[in-house]
Structure formats: structure tokens, C-alpha cells
Amino acid sequence: MLFNSLAFLVLLVPALALYWSLPWHRARLGVLFVASLLFYSAHHWPSAFLLLGTIGFNHVAGRLQDRHRSRILLAVAVCVNLSLLFWFKYAAFVADNVNALLGLAGASLAVPRPPVFLPLGISFFTFQVVAYQVDVHRGEVRAEPSLLRFAVFKCFFPQLIAGPIVRAHYFLPQLQAKRPFDAAGFHQGLWLVLAGMALKIGVADVLAQFADEAFRSPGSLTTVGAWTGLYAYAVQLLADFWGYSTTAVGLAALFGFHLPFNFDLPYLAQGIQEFWRRWHITLSVWFRDYLYIPLGGNRRHRDLNLLATMTVAGLWHGAGWNFLLWGFGHGLWLVLERHAPGLPAQWNPRLRTVLKTVLVFHGVCLLWVLFRAPSTSDALAYLGRLLLPPYGTSAVPGALSGWLLAFLLLQKPLDWTFRERRFAGLRLPAQWGLSLAAGYLILAYAGARIDFIYFTF
Amino acid sequence: MSIVAAPTANPYRRRLAAFVAGLAVLLVALELAVRRWEPLFEAASHRALTKVAMCERHERVDFLFLGTSRTQDGVSPALVSRAFEERHPGLSGLRGFNAAFTSSSLDALEALAGRLLSRPGLRIVVLELSDPQRVNPATPWTGAPPDTRTLEGRLAETAREIRLVRHRSAFLSDNLARLPALLLFAPALGGWEVKGGEQIGAWLGRREKPPVDFDADRWRPAVLAPGDGGKALSEEDSKTADRFASVARKYRERGIPVVFASPPLSAEWSPAPERDSMKPLFAEIAARSGCEVWDFSSLPLDRRFFRNPSHLGTEGRAHYSYALAAEIARVTGGR
């Protein structure tokens, strides 16, 4: 089920009404659990059994871990979770590559390709429970004794399939007692849902047409056409995931919960390290805490750790060489940034800020080519059109430049309204105006009904 | 500070209630407005419907032009009327409308005929005959109905009861820009004005300049009369000829004369099937429809008349409008 579907509204409105009308905390948790299961099953109902299985397994494993603090138990729990992820997401990729190698070696053997599908959100909820198991082992959180509370922690529908990846110490305490109705939080939540959907439908889905067209036949693009297509994709990707995450935070707020923001104006970053502090923040923090630091972090082999972490982060996004190269590229850039001298200090500070922002944005864009192109060879073809002769110009569609410019100018004020309770604190006419603007984008552009990009990860 | 915090006092609840109530009132007001002006919102959702609605907002339309952007850019009904006054007094006072639109297709001509021929007072209809008018794909203005076998489809079908939802494509930025023309300017427009400045100018009463040194002989088209047919056509062209003839027949059955016109093209426009391979089709359409075909496509005209090789510019529009006026006067006998 998609947030941008009418069926979701049919689930959400009764769930909200029932949730707030029930006086008992456990009953409210029950509503959340059932709504989450319905939400998840609507996409592919057999996947719900996988979800229920991992809930049961991780609840038991967490309880045992809490009691015994065993590295073996931790290894078993992590391996089981990652095995599921590996099987569903990477087995086919590995089989394809093994078969390619066997073919090169002239072997007549072939590894059978597992006929698997990708359960929605498996990358997200696997990372969530791996973090839970590690945190319990480290003693940073106590295992949740209530199966119902644990189930809601694991499958709370606003964040179930594309994050934010919520940590146990952050979310489990919010499930301990009945949440009082918080009018200002609800008010802010309504705006976040509206604005998040407007970002998705009115920005990402509109720009998707231009980006898809550019990446469909890069060979026919001029240099200007290739760059504008890439800008369209860069903004599409941000608006798509920022929109989803904002909607998720807003939906949680409607139920009285707080989820962390996942984006902090990443295209305004002045360095690649800063970019990763602003882009998909909960994933970056996960990789920092559960891979980078255990590998040695800043203490030893820092460059290698950065490369390894970012390469794995690339693979997390998708089973393909292009994702691996994308992650490795980011790792390499992080290493280079650490060692390279900055811009001359005597330069005008404002000029340095603008220059760094523009350079980082364009570097990130170039790496997005690997992320978006269907294969490595397609990515190289697109990069060729961006960087290599023959250089050519073509008219930029007015609609595209309009949308890009509007996004460039409005992203900061929009983000401002998301933070704290600023929207709820605005004067009512401003609130109505903003809501109508968001509603307009949703209404006018709702025809495309494109899946959220991160659903496929 | 998190967005969800401690329980809030009543003022926040009142503020939330005011926000929700105000938003609901605004949405209801918008819904009522769309219901009140529903035909206009429906018309704004597609350029073909826009043109028809604009035409319907004219009190009187004696002559009508239909076709693609070549006709839309190329014909000024006001200048046709002016030519009548100056050169064909018997037709003085007649008013026309240019209902041509970009990417018009044969399907569109067929679909619009039913609505346009119910318009009283039409004296002549000029249909464009060109390669794009022949080959452009249909761009239906009624979207595909929702798939009611799915829950989502059934919900979408139900949601269409809300007029804001039903006519939501009118709110797309391109379509939204048509609303001022529909709501305000339509009665003052001849139909060729697609830019905001042109529409405002026409609304403010700006008059178009007549052609300078109009040379009627130079702008006289090759006329294919109904008796000129009998050419062998491919199966596909034969079907096309039948469809054009069928459109013409619909008007003629209501007593409205029809002519086909192939608009001028610059010499550099290539390939130009109108000048080459379409001649037998032109003749056959004339024969099957019983209507004349005015072929302007082969006239040797200066590049200055065109804004691009296949579309007339301001000067070209003035000359072509006068040329069309002369031909209309000829077939109607100046009456």
C-alpha cells in the first residue's frame, strides 16, 4: 500500500479515529499493529508471514540476549536477519556473477538462480532489528518484554517500509505508556503529511518524467540535455525520499509519536562528509554505529573503514555493480576530502561557501548517474554525454527549469516549516495558504502514481 | 524540541479546530466554485475542449476554422472579417472563430464535430488538410476510466464525485493558464491568440494589422473540385479520405458548407507530403466529400511570412487570412 493511494486513506482515517477513541493503551497498540499488518499485507500478503516470523524470532532472541549477553546469540540473531536479507536481495546477484565467472572459466556448471522477490522494506526492517539485537547485547537498551510493544516497534506502518530507521532507545520508550492527545503535534503532523505528499506527487513525480526520458536514451542527449536530466533526477530523488520521510514523521505525529527527520537540506552541504550528515540521516548513523565504528572508526585504518563502510552502504541500496561502485565512489570521495587541502582561506567566505556547495552538489549528481542508470554500461554512457565531447546545447523545457528553480528557492523555507512546531505556530491564514498550495500540487499532479524510489531498496 | 511533546492546553486544540475548519470551508468553497463553473473547468483540461468552449462563448460565429497549430497560428478571424468589409461587402459583418489547436488529430475533428455543428448560425467550416492533421495520434480528453475491479479503482471512481477531483487536470500548470482565457477573454479572442500577452491585447481591443501589399494572385490556392477525384490510393489513404469525408458530411447534413484548406508551407520545409505525396489524397477527399480543397501548401512564398518553416508568422497570418476571405467569398458568392 502506498501513502499516495486512496486505499491508504481508507486505512488511515478509521485507524486514527479508533486509536484516539480507545482509552486503553494496549488496545491502541493493537490498533497500530493491525493497521501496520494490513498496510504491509496490502502490497503482497505472503510477505506478512516473513514480517511476523522476524518479529517472533527477534523478540525471543532479544529476550535471550538480555538474559545471557552472549556473543554467540548475537551472532546467530544477526546472521539469521542478514541471511534473510541476503537471500531475498542478493542471492540472485551473487548467482549471476558466479555463473558469469564460471562461464569465463569455461565451466559447464551453473548455480541455479533463486526465483525470489524482494519483500517490501526488508532492507529497512532488517537494519532496525540488527540494531536492536546489538543494542541489547551492548546493554544500551533492555529487551522489550511485551511482544505487542515489540511488534509495534518493528512494524509501525509509517516507517516500516522506507524508514526512518528507528532505534530501540528512541522509539520503545514512546510505546511504554498511553500517549496523550497533543493538539499542536497533531496539527504539525497534518502539515507534514500534506507537505510530504506534495513533495512526492508535485515535485518528484513531475520531475520523474524528465529524468526518465533523459536516462531512457542518453545517446541522443546534448550536453545541456544530459545535465538538466541529471538535475531533474537529483531533485526527484531528494523530493521522493524527503517527501516519504516527512510523511512518515507526520503520520507518526498524528498518532502522538515522534520519529527522527531523515533529511537536512543535503544539497546545501559544503562537503561530502556534511552531505552524509544531511542525507538519509538515520541510515548514515546506522552505518556509523554498527559498521564504521566496529571496524575501527577513526582509531585505526580510517580510510579503509570509510571505503568499506560506504561500499557496503552502496550495496545496501541495491544488488548491482553500479550500486557498489556508487558506494565506493562516495567512500573514495570521503577519503580524498579528508586529505585534500580546502579552498584558499584568503578567498571571500561567501564565495567559498557557494563554490563548495556547487562543487559538492555536482559531484553528488555525477555519482547519482551510477545510482539511476539501469547498468554500469548505461551509467558510463550517460557520464560520457555529461563530460565528453561532442558538446552540444539544446533548449531546456520551461517547465523543468521552473520546477528546478522553485525547488532551489523553496527547499529551505519548506524545511523550516517542518522543524519543531513552526507550522503549527504560524498565523492561520499562512497555514491555510500553505496547505492549499500543498493540496493543489497533490490534486493536480496525482495522476502519475509512481512508487517511492526507496521502496525498491 | 520534538514535534510531539507534552500534552497541550486547550488553546492549541482550538487552534487545530480552527485550522481544520478553515481548511474545510476553503475546500468546500473551491468545490462549489468548480461545480458552478464546471463546463469551464472541464474545458480547461484539454486544449481542444478549451477552443470549443471559447467558441461557445462567442455570441455569433459565421465561419469556423479547424485544424492544427498551422491553422491556429495562420488564421485571424478578425482579419478575415476585415477583408470581407474591405473587399467583399456582401459578407460584411460576418464573424468567425479559429478553433484549431496544437496537435489536433483526425480523431479530434471527428469527436468535435458533434459538438460544433450544434452551434446555430454557422455559414461555412474550413477544415485543415495537412500531414499532421492526418497522422497526429489521438489525444483523448476523457482519461481512461479507473479499473473498478480493484479497491483503488473503486475508490478513484467514487472520488470522481468530488468535482475538484474529477476536473483536477484543469489545475495542471499548463491547463490552469487557460482559465483566464475561458473566464475573461474568450469573447474578445479570435482563437489564434495563445500567448497571455496576445490574449490581453485582444481583450483590451488591440486590432491586428492588415497585410501590406496583399497580392491576391500570389496567394490564390490550387483548387481541387469534387470532380477531380478518381486517383488510386493506398488502403490507408483511402481510409483517411473516408474519415475526412465523413467529418465533412456531418456538417453538410446540417446544411453547413465545408471546404478543406492545406495551409502554406515555406520552401525550406522538407519533407512536405502536402506538396508531394498527398496530392492524390487531396483530390480523393474532394471527390468523396463533395467539398473543394484549397491547396496553399505549394505556393512559392517568401520566408518572411513564416515564423518557422511550417507555421506562418504575423505577416503571413494577415496575408493568409485575406486569401481565405477571398476564397470564402468566392464559394459563398459573396453572400
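Select B:F65 to begin: its bridge partner is B:V126, which lies in β3(B). This is a predicted model, so keep that in mind as we go.

Now widen the selection to residues 63-66 and 124-128 of chain B. These are strands β1 and β3, which run parallel and are joined by four bridges. As a rule, strands of a sheet pair through backbone hydrogen bonds, in either a parallel or an antiparallel way.

Next, bring in the rest of the sheet. Chain B has six strands here, arranged as an open sheet in the order β2-β1-β3-β5-β6-β4, with mixed pairing. Colour β2 (96-98) and β4 (222-224) of chain B to see the edge strands, each of which pairs on one side only. Ignoring direction, neighbouring strands of this sheet are turned by 20 degrees against each other on average.

Time to look at where the chains meet. The contact draws 27 residues from chain A and 25 residues from chain B. On the chain B side, select α1 (10-36) and α8 (151-159), the elements that give two or more residues. The top contributor on that side is α1(B), with nine residues. Colour this side by class and you will find 18 nonpolar, three polar and four charged residues.

Finally, turn to chain A. Its secondary structure consists of 19 helices and zero strands. The C-alpha trace spans about 70 × 65 × 50 Å along its principal axes. How does the radius of gyration of chain A sit beside that of a compact globule? Chain A has 23 Å, which agrees with the value near 23 Å for a compact globule of 457 residues. Of those 457 residues, 45% count as buried.

Methods: Residues are numbered from 1 along each chain as its sequence is written. Chains are lettered from A and ligands numbered from 1 in the order in which they are written. This is a predicted model: local features need pLDDT of at least 70, side-chain atom pairs count only at pLDDT 80 or more; totals for chains, interfaces and linings use all residues. The radius of gyration is taken over C-alpha atoms; the globule rule is 2.2 Å times the number of residues to the power 0.38. A residue is buried if 20 or more other C-beta atoms lie within 10 Å of its own, exposed if 12 or fewer, and partly exposed in between; C-beta atoms are placed from the backbone. Two residues are in contact if their C-beta atoms, placed from the backbone, lie within 7 Å. Ala, Val, Leu, Ile, Met, Phe, Trp, Tyr, Cys and Pro count as nonpolar, Asp, Glu, Lys and Arg as charged, and the others, Gly among them, as polar. Two strands pair if DSSP finds at least two bridges between them. Axes are lines fitted to C-alpha atoms, for helices over the stretch in contact, and angles run from 0 to 180 degrees between N-to-C directions.
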